[in-house]
Amino acid sequence: MRIACPFCGERENGEFTYLGDAKPQRPAMVALEVAGGAAGEAEAFYDYVYLRDNVAGEMDEYWYHGGGCRSWLRLTRNTATHEITSVEAAPGTGASSSPASTAGTIS
Amino acid sequence: MADFTWTATSPLQHATRPRRHGAAVQQSGIVLSEVLDFSLVLILARRGQWSATAKAAKEFFGAEAPAKPLAVRGKTTTLFWSGADQFYALFPRVPAAQPLDGMREPFAAKASLSDQSDGRCLIQISGPKVRAMLAKLSSLDLDGSVFPVGAAAATSIDHSGVNLWRDTDAADGSPVYNVLVFTSFADSIWHTILDSSAEYGVEVVRPHALDEKPSS
């Protein structure tokens with residue numbers, strides 16, 4: 001499997017580290033509120049920390065290009081075939097002015 | 001009390017003794033040397049400050065800041081890309097001066113500067129068989145059509161992160177590659193290179209300065 005880093009170009013997967021599912025979003029509450037929080041908050045946090053889907057098919061994932069440009073990437077990969085259909089820099093990469101935008105790519 | 005004078009020495013100082021290694025051939029397939037006496041500063045643009053950083057670099061170094069994997073030469077400084085919105089400045093060491101002297105002000109509030117001069121070793125590899133040898137160590141496609149003079153990459157060799165870029169060709173027309181490695185891994189990578197080069201015959205030439213061509 002090779003990953004086309006938007007900054008470096010196509011590289012072997014040995015240069016990358018897998019984080020996991022990019023879908024889970026941290027519940028909008030601070031940890032201190034968990035104990036006395038509203039009903040369901042602790043469960044939402046538990047889900048966020050522990051529960052993962054075991055997808056056989058397309059999945060959004062975070063990968064880290066530690067053996068190269070040290071950027072976090074977000075890619076869509078088919079876990080059954082390893083086919084990668086999209087790769088983009090994770091939000092906040094480089095000096096991009098908005099955390100939601102992506103930094104420059106190779107033209 | 002006695003004053004101490006610290007002499008910087010390379011971890012490669014014993015390894016780089018000029019000699020021939022490997023196959024006994026008429027012309028060595030690989031020419032290997034260490035580059036000494038350089039200063040190296042990592043420049044990381046801050047959030048939203050890439051254009052301002054690039055402008056400051058252009059004024060300070062007289063070279064275009066690389067926004068993609070390239071090595072750009074100024075008069076005395078080479079700027080090479082190392083990641084998203086960050087690059088290294090490599091220039092000859094000035095005795096009794098600190099690498100960041102004069103840089104703090106022009107880059108203030110635009111970029112973070114990190115002096116890496118004593119943290120890296122610079123290995124220069126050339127010779128007619130250099131690409132065949134590097135093919136054993138690197139997964140990059142180094143063919144001239146996709147990795148011409150001035151191309152750069154942040155990649156891994158032997159599980160260690162390196163910065164690699166192609167310099168102007170040697171006098172015999174062979175490509176020249178610079179490999180910047182962590183000092184603590186330098187000896188290990190040097191010997192990996194030496195082992196991979198043995199079948200082609202290696203000539204280790206004496207360490208030289210940045211602006212000096214390797215010679216035996």
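Modeller: Domain bounds here come from an automatic or database domain assignment. The model is predicted: local features need pLDDT of at least 70, side-chain atom pairs count only at pLDDT 80 or more, and totals for chains, interfaces and linings use all residues. Residues are numbered from 1 along each chain as its sequence is written, while chains are lettered from A and ligands numbered from 1 in the order in which they are written.

Biologist: Which domains does the assignment give for chain B?
Modeller: The centres of the two, taken over C-alpha atoms, are separated by 24 Å. The assignment for chain B gives domain 1 (19-37 + 119-209) and domain 2 (38-115).

Biologist: Which strand gives the most to the side of domain 1 of chain B that touches domain 2 of chain B?
Modeller: The contact (C-beta atoms, placed from the backbone, within 7 Å) takes 12 residues from domain 1 of chain B and 12 residues from domain 2 of chain B. On the domain 1 side, at least two residues each come from strands E8 (120-126), E9 (152-157) and E10 (160-167) of chain B; strands (E, at least two residues) and helices (H or I, at least four) are DSSP runs numbered from the N terminus. With 3 residues, the strand that gives the most is E9(B).

Biologist: How many nonpolar residues has that side of domain 1 of chain B?
Modeller: Ala, Val, Leu, Ile, Met, Phe, Trp, Tyr, Cys and Pro count as nonpolar, Asp, Glu, Lys and Arg as charged, and the others, Gly among them, as polar. The side of domain 1 of chain B that touches domain 2 of chain B has 2 polar and 2 charged residues, and its nonpolar residues number 8.

Biologist: Which strands stand at the edges of the open sheet of 5 strands in chain B?
Modeller: The order in this sheet is E4-E5-E6-E3-E7 (chain B), with antiparallel pairing; strands pair if DSSP finds at least two bridges between them. An edge strand has a single partner strand, so one side of it is left without a neighbour in the sheet. The strands at the edges are E4 (71-73) and E7 (111-115) of chain B.

Biologist: What is the bridge partner of Val41(B)?
Modeller: Strand E3 (residues 38-45) of chain B and E7(B) run antiparallel and are joined by 5 bridges. In E7(B), the partner of Val41(B) is Asp115(B).

Biologist: What radius of gyration has chain B?
Modeller: The C-alpha trace of chain B spans about 55 × 55 × 30 Å along its principal axes. The radius is taken over C-alpha atoms, and the globule rule is 2.2 Å times the number of residues to the power 0.38. For 216 residues a compact globule would have a value near 17 Å; in agreement with this, chain B has 18 Å.

Biologist: Is His82(A) buried or exposed?
Modeller: His82(A) lies in the loop between strand E5 (72-78) and strand E6 (84-89) of chain A, and has a positive phi of about 65° although it is not a glycine. A residue is buried if 20 or more other C-beta atoms, placed from the backbone, lie within 10 Å of its own, exposed if 12 or fewer, and partly exposed in between. With 10 other C-beta atoms within 10 Å, His82(A) is exposed.

Biologist: How many residues does chain B supply to the contact with chain A?
Modeller: By class, the side of chain A that touches chain B has 7 nonpolar, 7 polar and 4 charged residues. Chain A supplies 18 residues to the contact, and chain B supplies 18 residues.

Note on methods: Two residues are in contact if their C-beta atoms, placed from the backbone, lie within 7 Å.
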